[in-house]
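Me: Could you walk me through one part of this model closely? I'd like to see how its residues are placed, and then what lines the open space elsewhere.

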Amino acid sequence: MVRQPGGKGSLSHRMFVAIVVACASVAVAVTVAASLIYQSAFLADEHEQLAGECRTIASLLDLTEDDSALLAELELGDIRATLIAPSGEVIFDTDAEASSLESHADRPEFVSARESGSGSSERSSETLGYTSLYEAVLLDSGDVVRLSVDRAGVVAFLFQDLALLFGLALLLVGVSWVVSRWLSQRFVQPILEIDPSTGDGVAPYVELDPLVSRLNDQHDQLMHRMSEIQDAADLRREFTANVTHELKTPIASISGAAELIRDGIAQPKDVRNFAGRIYDDARRLSSLVSDILTLSKLDEAERAGTSELFEPSERVNLLAVARDVADRLAPKAAKYDVTVTVEGVSLMVRGNPRLLDELVSNLCDNAIRYNRPGGKVFVWVLPQGSRPCLRVSDTGVGIPKEAQDKVFERFYRVDKGRSRDMGGTGLGLAIVKHSAAYHGAEVRLESEVGKGTTITVSFPEA
């Protein structure tokens, strides 16, 4: 075979060009995609915050007679507030004279608010690269209050990243040159070192087969590891987003009620009601934070493969734990008109008393909250073969078949509205799942809509 002059250099050049093009393409694509995703998530979060503020202001306006005066007194920062009559005529605007503004009767957010009580929309503003967000709420008077704010759009995000892209391109060129030189020498050198005196022209390719196989195996392992890392990253992002959302709700409610009391807007007869709302939301916030901390410690214990984050394990009487939980939840059961019965035999399991108490408490709490008036909750502690077994059954609403695989996920709710009204954090069954895993136990769920739910936790032999 004739070797072309400069062939070795040609291989290095081709690898250099390929690496630069591929890395640059991926970098640009990832940057653009990340900007789009970030901008979308950013605007969604802004919509949510703006909607919360709009609802808060609407509740204030429903309590006053002079809406325009109240809006003029509020410190809204960069948020623009508009009060619109049922006809679409602008009654008041914080940024312009109402008489100079055209009718808003055809604005999407106004139409939606008139029809369903609330509405939202987005429109590109006159300023290049920015998007105007609108949230509107229908008042008891029939007027519509609308809040709007300008936020950076996709174009603005991309322009912010131009310097980063340019710097990344330069870095890629330099790194690609070094990597391509190294790779070309490494791939060619084994062939050059083969003794040509053997006369076996195909020998070089056969000799390289083990290397190729090893590289393929390493690649598969690397891809598997990357997939695990990506799944973990996705889970963390989703958990963080859910935690942020769940924390904002009680915080916004506490802030709104406290602001009404502080500013003297609340009537004296309503102060007690607002104080009760603050207390209830503070308790919900405390429960949510406590559950998040427990889950975080359980996650860390699972990743580290250790139980040192919790108190030392000890022998715990499962029946005694169940009875203590039932006594503690008796007032709640009475409030929901639910009867809780605990039966069984004393069975010892080795584990963390606090985690076992939380496991039983969350199961019983769910069984009570999602039951029917006059319903029953049965808690059994019985051996199943040689394994201690805890079973909690209720006569409640049940769980649809398609949701049964998801109820142990964090913040998953079969009926979001009903769960929030009942004060659930959405983490109870997630704590049950991870607490069971911490103790080496298995969890099994059986449910039928309209008839009830049974959850069985089977512990290892004592």
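Reply: Happy to! Helices here are DSSP runs (H or I, at least four residues; strands are E, at least two), numbered from the N terminus. This is a predicted model, with local features needing pLDDT of at least 70, side-chain atom pairs pLDDT 80 or more, and totals for chains, interfaces and linings using all residues. Residues are numbered from 1 along each chain as its sequence is written, and side-chain values use heavy atoms, without hydrogens or water.

Let's start with helix 3, residues 108-116. E109, F110 and A113 are buried there (under 20% relative accessible area; exposed is over 50%, partly exposed in between; 1.4 Å probe, protein chains only). These three share one side of helix 3, because they cover an arc of only 100 degrees around the axis, taken from the directions from the axis to the C-beta atoms. E115 and S116 lie on the other side and are exposed. Just past helix 3 comes G117, with a positive phi of about 100 degrees.

Now for the open space. The second largest pocket holds about 1,000 Å³. A pocket is an open set of points on a 1 Å grid over the protein atoms alone, where a 1.4 Å probe fits, with protein on both sides within 12 Å along at least five of seven lines; lining residues have an atom within 4 Å of a point. The volume is the space filled by probe spheres set on the points, joined across faces, edges and corners. Of its 33 lining residues, G52, E53, T56, A252 and G256 are closest to the centre. Helix 6 gives the largest share, 11 residues.
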